[in-house]
Amino acid sequence: MNNLQRALKTNALFSSISGIILILLNKPIAKLFGTSNNTVFWIIGLALIYFSITIRYEIKKQRKLAINWIIIQDYIWVLGSLILIIINPFEITLIGNLIIGTIALIVLYMGINQMIGLKKSTTNTK
């Protein structure tokens with residue numbers, strides 16, 4: 001397994017576990033975030049599970065365009081998280097913002113590792 005496959009596998013695993021947690025624990029998580037609307041958490045959970053499935057597909061295929069799209073989605077997640085924390089349009093609690101920030105850092109780390117792995121894999125195939 002090369003570095004790119006490891007980075008993608010880590011992202012897929014993290015995304016699927018996060019998705020499952022958001023679905024199963026949507027009510028307690030909503031409470032942590034200071035809201036009674038738990039629907040958003042299971043919707044994000046379902047989206048993360050779907051995202052993890054698409055990543056798993058690319059672990060084997062390793063198509064450059066698809067992997068770049070995965071990396072872009074990771075960076076969009078990080079940017080969206082920063083906007084949520086800075087603007088706080090939903091009056092998220094401090095603990096909620098800390099969770100968002102921590103996850104954003106993990107996603108940023110995975111995106112960077114995927115970029116490095118993609119660069120190495122395309123360099124090795126030339």
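Which element gives the largest share of the lining of the largest pocket, and how many residues is that share?

Reply: Happy to! The largest share comes from helix 1, with seven residues; helices here are DSSP runs of H or I with at least four residues, numbered from the N terminus. Before going on, note that this is a predicted model, where local features need pLDDT of at least 70, side-chain atom pairs count only at pLDDT 80 or more, and totals for chains, interfaces and linings use all residues. Residues are numbered from 1 along each chain as its sequence is written, and side-chain values use heavy atoms, without hydrogens or water.

The largest pocket has a volume of about 920 Å³. (On a 1 Å grid over the protein atoms alone, a pocket is an open set of points where a 1.4 Å probe fits, with protein on both sides within 12 Å along at least five of seven lines; lining residues have an atom within 4 Å of a point. The volume is the space filled by probe spheres set on the points, which are joined across faces, edges and corners.) Of its 31 lining residues, Leu 22, Phe 41, Ile 44, Trp 77 and Ile 100 are the closest to the centre. Two or more lining residues come from each of helix 1, helix 2, helix 3, helix 4 and helix 5 (94–124). By type, the lining divides into 22 nonpolar, eight polar and one charged; Ala, Val, Leu, Ile, Met, Phe, Trp, Tyr, Cys and Pro count as nonpolar, Asp, Glu, Lys and Arg as charged, the others, Gly among them, as polar.

Now to helix 1 itself. Its 22 residues reach 32 Å from first C-alpha to last, close to the 32 Å expected at 1.5 Å a residue, the expected span being 1.5 Å times one less than the number of residues. Its buried residues include Leu 4, Asn 11, Ala 12, Ser 16 and Leu 22; buried means under 20% relative accessible area, exposed over 50%, partly exposed in between, with a 1.4 Å probe and protein chains only. Seen down the axis, the buried residues of helix 1 fall within an arc of 170°, so they line one face of the helix; the arc is that of the directions from the axis to the C-beta atoms. Helix 2, helix 3, helix 4 and helix 5 are among what covers them.

Contact means heavy atoms within 4.5 Å. Arg 56 counts as partly exposed because its relative accessibility is 39%.
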